[in-house]
Amino acid sequence: MTEKPPVVIVVDDDDSFRNFLSRLVSTIGLKTVPFNSAEAFLAAPPPDCPACLVLDVQMPGLSGLDLQRRLAQVSRPLPIVFTTGHGDIPMTVEAMKAGAVGFLAKPFRNQDMIDAIKEGIARDRETRKQLDELAEIQARYDSLTSREREVFALVTDGSLNKQIAHQLGTSERTIKAHRAQVVQKMKADSVADLVRMADRLKIHPHITQKSA
Amino acid sequence: MISANQQQAHTELTQLRERAAQVWSEGALRLVFERSPDAILLLDDGVFIDCNQAAVDMLRAAGRDELLSLSPSDLSPAIQPDGTSSSTKAQQMIAVALERGSHRFEWLARRRNGNEFPVEVSLTTIPFQERQILQVVWRDISRSKEAERELSKSREAEDAFRAGQGHVLEMIAQGATLSDVLASLVTLIEAQSEGMICSVLQLSEDGQHIRHGAAPRLPEIYVQAVNGAPIGPKNGSCGTAMYRGEPVIVTDMLTDPLWEDYRELAKLSGLRACWSTPIFTGSGKVLGSFAMYYRQPQTPTGSEARLTEVATHIAGIAIEHERAQNELQHTRSELAHVARVTTMGELAASIAHEVNQPLGAIVGNADICLRWLQEEEVDLKQIAEALEDIANDGHRASQIISRIRSLVKKHVPEKTPLNLSDVARDVIGLVGHEAQRKQVTIYSQLGETLPSVEADRVQLQQVLLNLVMNGIEAMHETDANQRQLTVQTAASNGSVLATVSDRGMGIELAKAEQLFKPFHTTKAGGMGMGLAISRSIIESFGGKLWAEANAGGGAIFLFSLPARTQELQ
């Protein structure tokens, strides 16, 4: 499946600055999705492609930093490049600590903005990849029976077949059969692989996900 | 026992009596009557029965016979000065004399030639054969009446002069213009002496040149020529007087050596004598000069000294008052300027932000254009669009700067008609970003059809800016989503009212007046002049500035300015 082309989401209440940013983004062959306020951006659906936000910290209504806080709570927080007409150090530190890709004071060197956007898009690509993978693993897990899930949890916890058999009150042979199913369904290459998947799914012998 | 001295005195007295009896017996009594220098007549039952020569002379009668042929009413006008008829008054006076034995009173008499003149009348009763004859003595008091009149006139003139001086001083206190004050002073002094023409001149700030003060009766062409002329040791009367710091008397401008270089100027004046006295400050610095001019060559007699003293005294007060007012105005202006600059300093972050928006776009767009120009295929249309954006942003930046500059530069106030809603919009535009920064929402309710007010734009902006910034500051501790600042303008009863309300910490109304005092501040680095200056600005335009409590918490600051009267009709 070919990847969808990335976009740059520009949120700035200053019309001429927004137009300039769109022009800049187009010079690196990308499309811009402009908004004139944080509220307008939040009202729109999230982008279904790799994206990066370019955001002014000081806008009327919801400020850029407020938006950053809000976005941090979702599963796919978009990477943010902040711009400012007049920044001070505490603001910069706060933004960077909260995970911003960059913080540029207007006027800035175009190359700096381009580099930051590229990094932001790369980060988002990675995030999306991670999320896709997780979804895939989750789907595989969802196909396990409840018994298989129990076995999965205990195997990835390091228990031997014998111990699992004892714990679950069945034979070792049955356990081996379940185990083979789990490996197949989870498409694991090795036990280590299985363990990694269990970590991703946050599976623990005492915290098995209930079956749907 | 009587002494030898007493005996001697008694003898002398007896001898005197005998001599007198002898004189009287020889008809001397008659001569006493005849020769008396006072006019004496004898009135018997309403008829003059005898008179002396002095009476004949006083009344300019042809002779005694003629006089005695007249009735008393022929010797007086029909009506006395107090309005009563002569005959009535005569009866009254006679009645009094008959009752008291004598009566003295003033009377208006009439000579035979019709000439009326004041006399003092003495009536004395002389009993004769069961009736009373009246001795009528008349003394001509024309001269003393004249003197009385002169004195009265002189007192009136003196009172008028004093009142005139009071009036001029009142003009100074009420803030009349210096030229009006000096013109009134000159006119007052001129009125005290016939044929005298006066002028008041000022010395320029640099102490080198003459500046016109007031000279309503000097020819315009002369006045223009004198204005700006240098002072010096041989510079006419006033120029020399100011230079020397001493009075200068020129009897004839056309021949005096002091006017040698200014003979043509002297001729322009149309006058000959010119006496000039310098006007000094309390500390002896020359402020100007007061001059007296006459049409004929003339030397002072000394009677002018008092007038000169009064003139230079009052002119000095007027000029010094004007200078003090100017300095006060200048200082107020400087102070207001400092306050504006300080406020601009407080807005520095906002200003930087606002200017960096267009600047950032300009720099960025220009950089893009440069890159595009380096490519193989150049899309001129796109470059043109980018350049147009650059130009627009350049203008935007320059407008922001000039808006700020107009507030920051030194400014001489001038009154023009203003719409308060427009001024409010200017200020809201200026602080827009700052309010955002502090998360304050500004609500405006600005009247659409306000009558205009007469005031200075920059100063009114300063006042509104001060109130709005204070309001924003007051909400520092308020919940971010409660920070509301409301600006309203409305017409009200012949005035225009502006209101700035906040939801901040509020004010104690009882202590509200303190806020307007200089140096009152709650800010760590604050000067505390903002409200004091704002109030003095509003008051200088005839308005009022005050504070009220906000019912929902916070404070309200209001000012009113009188609406321009033409528009009220």
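My entries on the two chains follow.

I noted at the start that this is a predicted model, in which local features need pLDDT of at least 70 and side-chain atom pairs count only at pLDDT 80 or more, while totals for chains, interfaces and linings use all residues. I also noted that residues are numbered from 1 along each chain as its sequence is written, and that chains are lettered from A.

**Chain B as a whole.** I found 18 helices and 17 strands in chain B, taken as DSSP runs (helices H or I, at least four residues; strands E, at least two). Of its 569 residues, 42% count as buried, meaning under 20% relative accessible area with a 1.4 Å probe and protein chains only. Among contacts (heavy atoms within 4.5 Å) in chain B between residues at least 6 apart in sequence, 58% join residues at least 24 apart.

**A sheet in chain A.** I then traced an open sheet of five strands with parallel pairing, in the order β2-β1-β3-β4-β5; strands pair if DSSP finds at least two bridges between them. Because β2 (31–35) and β5 (102–105) of chain A stand at the edges with a single partner strand each, one side of each is left without a neighbour in the sheet. The twist averages 20 degrees from one strand to the next, with axes fitted to C-alpha atoms and angles running from 0 to 180 degrees between N-to-C directions.

**One pair within it.** I saw that β1 (residues 7–11) and β3 (residues 51–56) of chain A pair in the parallel sense over five bridges, and that A:Val8 has A:Cys52 in β3(A) as its bridge partner.

Definitions and conventions
Side-chain values use heavy atoms; hydrogens and water are left out. Buried means under 20% relative accessible area, exposed over 50%, partly exposed in between (1.4 Å probe, protein chains only).
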